[in-house]
Amino acid sequence: MQRANKAIVASWKGRPRATDAGLAVAVAVAVAIAIDVSSYSDPSTRPPDALAYALAATLGALLLGRRRWPLGVLIVSVVTLQVYHFAGYPGISAAVPLAVALYTAAAAGHLRWSLGISAVYLAGLLLYAVLWYPGPPGPVLDELVRDGALLVAVLLFGDAVRSHRALMAESYERLRREARELSAARVIQQQLLPRELPSLPGWRMAAYYRPAREVGGDFYDLLELPDGQLALVAGDATDKGIPAALVMATTHSILRGEAPRLVSPGAVLERANDRLYPDIPAQMFVTCLYAVLDPTTGRLRYANAGHNL
């Protein structure tokens, strides 16, 4: 899971995207509006000035780096907001400036840090409300409870997104690994097939092979036998994919080992069956056509083990 989290963060790095720029502007404007509204509802606080709006702009600008430094952006945002509150400016909802930074940090896998930073921030505001707030602390405490619930919801949503992305990243990596393994298995299987067809005077030979999947159980082979004879083999292992390819490779090896010693088609298939039967699953089997061609006389002898002609 940690590897997936790092992959998610790595995919975010780079120049700020258009979404980040839009969020930065939206948060800066929202904080500025919240400051104006709060100044009218709570005239006893310090009137907003250039510093207050500069802090609002800072909260928005920090979001441009949220993909590269999600935890750092959250920490600096909290510090900036604390400076705003301890300067005596009108109180604003923490969900406005911190929601995006908290979501990004949680989605990047820093849920515990995000919870801790949020707790420190809310504890600081609670301390301010109890010790230094000029009016009764009741309204401030109500806002703290509301903001805390909103921030927890944002954190949980960010962590849920992180879990989903982590699972998607792991699934993608697993699919890539399986694709590489299948590609390697296909190369190996292709190497088991004849690379060149033998040249026989008076005979024309052609072969075409295409598995239903990346690898399969179909196979063919051409084996040179004593006295200028040629063995033609075509077979099929039941099922498709990796299991069939493994059985196909085993059958191919057995036939290549037995064909030069036992020229008779029936004897070759009988011997191959005796060696193959104990080593394959009970639900699998192999069909095979084994033929021996004498190119001089044109005589063709064959044995068929359940293979469709």
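Start on the surface, where Leu 126, Leu 127, Val 130, Leu 131 and Leu 141 make up a nonpolar patch with about 430 Å² of accessible area together. Patch members have over 30% relative accessible area and no salt bridge, and nonpolar side chains are joined within 5 Å; areas are Shrake-Rupley values with a 1.4 Å probe, and a salt bridge puts a side-chain nitrogen of Lys or Arg within 4 Å of a carboxyl oxygen of Asp or Glu.

Bear in mind that this is a predicted model, with local features needing pLDDT of at least 70 and side-chain atom pairs counted only at pLDDT 80 or more, while totals for chains, interfaces and linings use all residues. Numbering runs from 1 along each chain, and side-chain values use heavy atoms, leaving out hydrogens and water.

Helix α6 (residues 111-131) gives the patch its largest share, four residues. Leu 131 sits in that helix and counts as exposed at 53% relative accessible area (the cut-off is over 50%). Helices here are DSSP runs of H or I with at least four residues, strands runs of E with at least two.

Now for the sheet: it's open, with four antiparallel strands ordered β1-β2-β3-β4 (pairing takes at least two DSSP bridges). At the edges, β1 (218-224) and β4 (299-305) each pair on one side only. Seven bridges join β1 to β2 (residues 230-237), and Leu 222 faces Leu 232 in β2.

Helix α8 (residues 242-258) touches β1, β2 and β3 (286-294), while helix α9 (residues 265-276) touches β3 and β4.

Definitions and conventions:
Contact = heavy atoms within 4.5 Å. Axes fitted to C-alpha atoms, helices over the stretch in contact; angles between N-to-C directions. Patch = residues over 30% accessible without salt bridge, like charges linked within 9 Å, V, L, I, M, F, W, Y side chains within 5 Å. Buried < 20%, exposed > 50% of the residue type's maximum accessible area, 1.4 Å probe, protein only.
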